[in-house]
Amino acid sequence: MAVFEEIVDENGVYKFFYDGVWRKSSSGKSVTIINPTTRKPHFRVQACTQEEVNKVVETAKLAQKSWAKTPLWKRAELLHKAAAILKEQKAPIAECLVKEIAKPAKDAVTEVVRSGDLVSYCAEEGVRILGEGKLLVSDSFPGNERTKYCLTSKIPLGVVLAIPPFNYPVNLAVSKIAPALIAGNSIVLKPPTQGAVAALHMVHCFHLAGFPKGLISCVTGKGSEIGDFLTMHPSINCISFTGGDTGISISKKAGMIPLQMELGGKDACIILEDADLDLAAANIVKGGFSYSGQRCTAVKVALVMESVADTLVEKVKAKVAKLTVGAPEDDCDITPVVTESSANFIEGLVMDAKQKAATFCQEYKREGNLIWPLLLDNVLPDMRIAWEEPFGPVLPVIRINSVEEGIHHCNASNFGLQGCVFTRDINKAILISDAMETGTVQINSAPSRGPDHFPFQGLKDSGIGSQGITNSINMMTKIKSTVINLPTPSYTVG
Ligand code: G3H
C-alpha cells in the first residue's frame, strides 16, 4: 500500500517514529516478528536504543506544551480525521493483525473499525467533559463568608506512555492514545513485539491526519533494552499499560505518576439451576474460545451447579465440535496462539489437569502453535487450570453444589477483572454480582470490555484504576483550581 511506503526501510525493516519523521535506529539492529501460523519470521522492526528513547521522550515533552494550548475543538477535529483514515486503511492494518498475531481475518477488520469508532467517540466525549469546569463558593464550609470563589478545570498530565498488549495492538493502543491526546497530553507508544507492525500502521494514520510534530511517537525494540528505561523515565508523567504481570513490576518501579493498568483475569462464569442453558452454553463458547481464548475478558472457568452440569456440558460440547480450527486467513474460529512459549504453557496446564484426572471432553490435539479447543470437566481446586490463566482455547468446568461455593472460588482468585452469572432470577443475580470481587459482573452474558465507553476495571492483581473512554480521559488529566479572593463587603444588603 503506497500510503505506508515511508514506514519501511530499504531492507524491509519497519521504522520507528518521532518528531514527525519515520526513522531507522542507530543500533543497526532489528527485532524479528514470527508469524504464529507459519512459525517463520514475517516482519522486522527497529531495535531502538536508550539514547533514542531519551530523544523521543524529550521531544514529546516539548510538543505537549503547545498542544495543551491548542483549542479543544481543534484537537477533536484532528482525532476525527485520524479515525476516518484508520477506517479507510482497515484492510492493510487488519492484514498485519492476521500475520503478526493470527487474529481471524474478520475479527482483525473489526478491531480496526472499532478503533476508529473509539477515537471519534473519544473526541466527542472529550469536548463535552473537558469543556466543563466547576465553581465552588466558600460559604458552604463552616466558618466561611462568601468571599472565595474556586474555579476548577481539567488540565493535561504531560507525556503519557502507552503500552498495549499483543491481543489488541491497535484497539488497546488507541484506547490510550485518543484520551491522552484529547486531554492535551503527548503520547509515546511502545507496542508489543507481536502486533508492532499493525501499531506502526495505526500511528501512520494519526501522522497522516496532521497532528503536530513530536506529539505522537512510537518506539520499538527489546523490552530488556528499553523497557525499564522507558517506564522509569523522569519525563514520563503517566503510564497506561495493558498486559500480563509485567504490569506489577512496572507499578513497583514507576515513580509518583498516575498509573492505569489492566493485567489479566480469571473470569468466572457461574451457572445457576434456573439458567437458560442454551444461552449460557452459547456465551461460554463465545466467551471462552473467541480469539482462541486470548482475551483478558475470556471466560476462564465455568462454575456450574451440579444438577445442571451434565446438560450444560453436553450443550457446550456440541458447540465446541462446530468450531473451525485452522489459519486466521481462512477466518477460522480457533487459530494458532501467539507464540510457541504460550502454546507450551497452555500444554503444561493441560498435562497437569490430565495427571490429576480431569475429564477431557475432547482429545487434546496440538500442531505447532495451533491447539484444538478443549473443554475440561470435573476440574478440581488442586489443578493449576482452576486458578491460572491459560490465554488459550482451554476451558475448565468446576462443578459446584451451592452458589456460595461458586462465589468463594471466584473470590479466592488473585485476579478480579470480570465475572458473569446466568440465572433467570434478577434478584439473585444482583446479590451474586455484589458478592463477586471483580470490577464488572455481566448478568446473562459473557464478560466483555465493550462497548468502549463503559467503565472497565479490575480489582486485586487485575489492575489499577478504571478505563473506558470517559474514565480514561479523566484519568489522563489533573484538576487545576484558581481561587478568587474577594474583600469582605463593607456594606450590608437588605
Ligand atoms: O484482553 C483484554 C481486552 O481488554 C479484552 O477486550 O472484551 O473487547 O475482548 P474484549
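The second largest pocket has a volume of about 650 Å³, a volume being the space filled by probe spheres set on grid points that are joined across faces, edges and corners. By pocket I mean, on a 1 Å grid over the protein atoms alone, an open set of points where a 1.4 Å probe fits, with protein on both sides within 12 Å along at least five of seven lines, and lining residues have an atom within 4 Å of a point. This is a predicted model, in which local features need pLDDT of at least 70 and side-chain atom pairs count only at pLDDT 80 or more, while totals for chains, interfaces and linings use all residues. Residues are numbered from 1 along each chain as its sequence is written, and side-chain values use heavy atoms, without hydrogens and water.

Of the 29 residues lining this second pocket, Asp 107, Tyr 168, Lys 286, Ser 290 and Arg 295 are the closest to its centre. Among the helices (DSSP runs of H or I, at least four residues, numbered from the N terminus), α9 gives the most to this lining, with 5 residues.

Turning to the largest pocket, we find about 1,200 Å³ of space and a lining of 46 residues, with Phe 241, Gly 243, Gly 244, Asp 245 and Thr 246 nearest the centre. Where does the largest pocket lie? Domain 1 (2-263 + 463-479) and domain 2 (268-443) both contribute to its lining, so the largest pocket lies between them, with the domain bounds coming from an automatic or database assignment.

How values were computed. Helices (H or I, at least four residues) and strands (E, at least two) are DSSP runs, numbered from the N terminus.
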